[in-house]
Amino acid sequence: TFVVTDSCIKCKYTDCVPVCPVDAFYEGENFLVIHPDICIDCGLCVPECPVEAIFQDSHLPESQQHYLQLNAELAEVWPNIIELKAPPEDAEEWTGVVNKLPLLVK
Ligand code: SF4
Ligand code: F3S
């Protein structure tokens, strides 16, 4: 499976969403996750993300390991998202900021 990581938090550009052939993305208030049982490992979403938030589970950086479990958990409770939408107004201010996990709204 592919995994959405820290950089997405408060950026949520959603460019990853429309390219997914199996609609594997689920949406929270300030973050998206990928459902591991739905993702078919095509990799199409990776280059779409302007903040490089998406990694294959086997290539997750050490600092992002906890996002594997978090994607699986939140994909079970958040609604599916299938279309591009406008990012948060302050998305650019949060681009490049690291360790945003405490800001994640579950
Ligand atoms: Fe969708 Fe492919 Fe990205 Fe998985 S890797 S979330 S199937 S676009
Ligand atoms: Fe997040 Fe990047 Fe998609 S910021 S919503 S993973 S395009």
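Reply: Start with what lies over the helix. The buried residues of H1 are covered by elements that include S1, S2 and S3. Keep in mind that this is a predicted model.

Which residues of H1 are buried? They are Tyr67, Leu70, Asn71, Leu74 and Ala75. These residues sit on the same side of H1, because they span an arc of only 115° around the axis. Now turn to the face of H1 that points away from the buried side. There you find the exposed residues Gln69 and Glu73.

Next, take one strand from the cover. Strand S1 runs over residues 2-4, and Val4 belongs to it. Is Val4 buried or exposed? The cut-off for buried is 20 or more other C-beta atoms within 10 Å. Val4 has 26 of them within 10 Å, so Val4 is buried.

What does Val4 touch, leaving out residues up to four places away in sequence? The list is Leu32, Val33, Ile34, Ala53, Ile54, Tyr67 and Asn71. Tyr67 and Asn71 are among the buried residues of H1, and both are in contact with Val4. Ala53 deserves a look as well. Val4 and Ala53 are 49 residues apart along the chain, yet their C-alpha atoms are separated by 5.6 Å.

In soluble globular proteins, nonpolar side chains tend to be buried together.

Ligand 1 has 13 residues around it, and the nearest are Phe2, Cys20, Cys39, Cys42 and Cys45. Its shell counts eleven nonpolar, one polar and one charged.

Now look at the loop between S1 and S2. Lys12 is found there. Lys12 has a positive phi of about 40°, although it is not a glycine. Lys12 counts as buried, because it has 25 C-beta neighbours inside 10 Å. Thr14 lies in the loop between S1 and S2 too. Its phi is also positive, about 65°, and Thr14 is not a glycine either.

Finally, step back to the whole chain. The protein chain has two helices and four strands. From the N terminus on, the order is β-β-β-β-α-α. The radius of gyration is 12 Å, close to the 13 Å that the globule rule gives for 106 residues, so the chain is as compact as a globular protein of that length. The C-alpha atoms fill a box of roughly 30 × 30 × 25 Å along the principal axes. Of the 106 residues, 31% count as buried. Take contacts between residues at least 6 apart in sequence: 80% of them join residues at least 24 apart.

Technical notes:
Residues are numbered from 1 along each chain as its sequence is written. Chains are lettered from A and ligands numbered from 1 in the order in which they are written. This is a predicted model: local features need pLDDT of at least 70, side-chain atom pairs count only at pLDDT 80 or more; totals for chains, interfaces and linings use all residues. A residue is near a molecule or strand if its C-beta atom, placed from the backbone, lies within 6 Å of it. Ala, Val, Leu, Ile, Met, Phe, Trp, Tyr, Cys and Pro count as nonpolar, Asp, Glu, Lys and Arg as charged, and the others, Gly among them, as polar. A residue is buried if 20 or more other C-beta atoms lie within 10 Å of its own, exposed if 12 or fewer, and partly exposed in between; C-beta atoms are placed from the backbone. Two residues are in contact if their C-beta atoms, placed from the backbone, lie within 7 Å. The arc is that of the directions from the helix axis to the C-beta atoms. The radius of gyration is taken over C-alpha atoms; the globule rule is 2.2 Å times the number of residues to the power 0.38.
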